[in-house]
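Please open the model in your viewer and keep the selection tool at hand. The stops below are meant to be taken in order.

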Amino acid sequence: TGPTPAAAVPVEAPPAQGARRYKVNLPPSAKLDMDVARVDADGTKWTGSANMSWQTDGSTYQASAEAGISLLVTRLNLLVMRSAGTIDDYGIAPNTSTQKRARRSETATHFNRDAGTITFSASERSYPLMAGAQDMTTVPFQLGGIGRADVNQFSSDIDMQVGEDKEANMFRFQLVGEEELDTRMGKVVTWHLSRPPRPGSYSSRLDIWLAPGLNWYPVQLRNTEASGALTTQTVSKITMSESGK
């Protein structure tokens with residue numbers, strides 16, 4: 001079957017289908033330096049560094065995340081992600097996001113708000129764009145914004161549509177509990193959220209630790225792959241920016 005003609009997309013369809021509306025108060029601009037610890041499925045250990053950047057003036061934003069591992073005299077970038085868009089009544093509203101993985105070409109995800117679709121450079125697929133949709137770069141900051149606006153929203157599951165490099169899935173985050181982390185910035189009290197694997201959609205588990213005392217920034221992220229490989233990023237430094245004040 002060929003591509004669906006654009007006329008077949010019902011323009012008047014409400015964009016909020018399947019998505020709950022959350023109150024969002026996004027954190028101020030900042031750059032987060034992170035330590036990376038990775039354990040491969042075979043037990044091989046790697047260390048490295050990462051950084052996450054969140055810049056907003058209240059109406060538009062730019063976000064990025066880069067993670068790499070140290071190899072004796074050089075550094076291998078495992079992943080570089082960038083996102084840009086606007087801020088709307090649902091929080092972060094991406095327009096375009098890109099992902100570049102080690103030894104793979106860059107891919108782009110397009111959030112076509114006029115057409116009400118999510119499309120991809122690496123796939124012919126098209127998904128209906130839901131209100132509050134995010135990309136992999138913005139998810140941690142959107143979750144932080146939900147916590148900043150009203151922490152009681154975490155008393156039930158948080159659902160959001162997330163566009164990745166070839167598809168868009170509904171992510172469901174559940175509150176694990178309050179945990180104290182040891183970081184290079186000292187002990188940090190966090191709220192731990194987890195997105196368990198979901199058969200047929202994604203095989204990895206994603207854990208995010210948000211710090212209420214630090215503007216609800218994501219101070220630790222952990223990805224547990226289906227193979228058992230584990231990548232943990234833990235904050236080492238937070239630098240507040242002038243923009244967005």
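**Whole chain**

Begin with everything selected, and keep in mind that this is a predicted model. Colour by secondary structure: the protein chain has 1 helix and 15 strands. The chain counts 245 residues, and 45% of them are buried. Among contacts in the chain with a separation of 6 or more, 47% join residues 24 or more positions apart.

**The helix**

Select residues 139-149, which make up helix H1. Is this helix mostly covered or mostly uncovered? It is mostly covered, as 9 of its 11 residues are buried. To see them, pick Val 139, Pro 140, Phe 141, Gln 142, Leu 143, Gly 144, Gly 145, Ile 146 and Gly 147.

**Salt bridges**

Hide the surface and show side chains. Side chains of opposite charge can pair when their charged atoms come close. The structure holds 11 salt bridges, and the next stops visit some of them.

Select Arg 184 and Asp 35. Their closest N and O atoms lie 2.6 Å apart in a salt bridge. The pair links distant parts of the chain, 149 residues apart: Asp 35 belongs to strand E1 (residues 30-39), while Arg 184 is in the loop between strand E11 (168-183) and strand E12 (186-195). Arg 184 is exposed, at 63% relative accessible area, whereas Asp 35 is partly exposed, at 27%.

Move to Asp 157 and Arg 172. This salt bridge has its closest N and O atoms 3.8 Å apart. Which parts of the chain does the pair link? Asp 157 sits in the loop between H1 and strand E10 (158-163), and Arg 172 in strand E11, 15 residues apart. Asp 157 is partly exposed, with a relative accessible area of 29%. Arg 172 is also partly exposed, with a value of 40%.

Now select Lys 31 and Asp 33. They form a salt bridge in which the closest N and O atoms are 4.0 Å apart. Lys 31 is partly exposed, with a relative accessible area of 37%. For Asp 33 the figure is 22%, and this residue too is partly exposed.

For the last stop, select Arg 38, Asp 40 and Glu 225. These residues are linked in a network of salt bridges.

Conventions:
Residues are numbered from 1 along each chain as its sequence is written. This is a predicted model: local features need pLDDT of at least 70, side-chain atom pairs count only at pLDDT 80 or more; totals for chains, interfaces and linings use all residues. Side-chain values use heavy atoms; hydrogens and water are left out. Buried means under 20% relative accessible area, exposed over 50%, partly exposed in between (1.4 Å probe, protein chains only). Helices (H or I, at least four residues) and strands (E, at least two) are DSSP runs, numbered from the N terminus. A salt bridge is a side-chain nitrogen of Lys or Arg within 4 Å of a carboxyl oxygen of Asp or Glu. Contact means heavy atoms within 4.5 Å.
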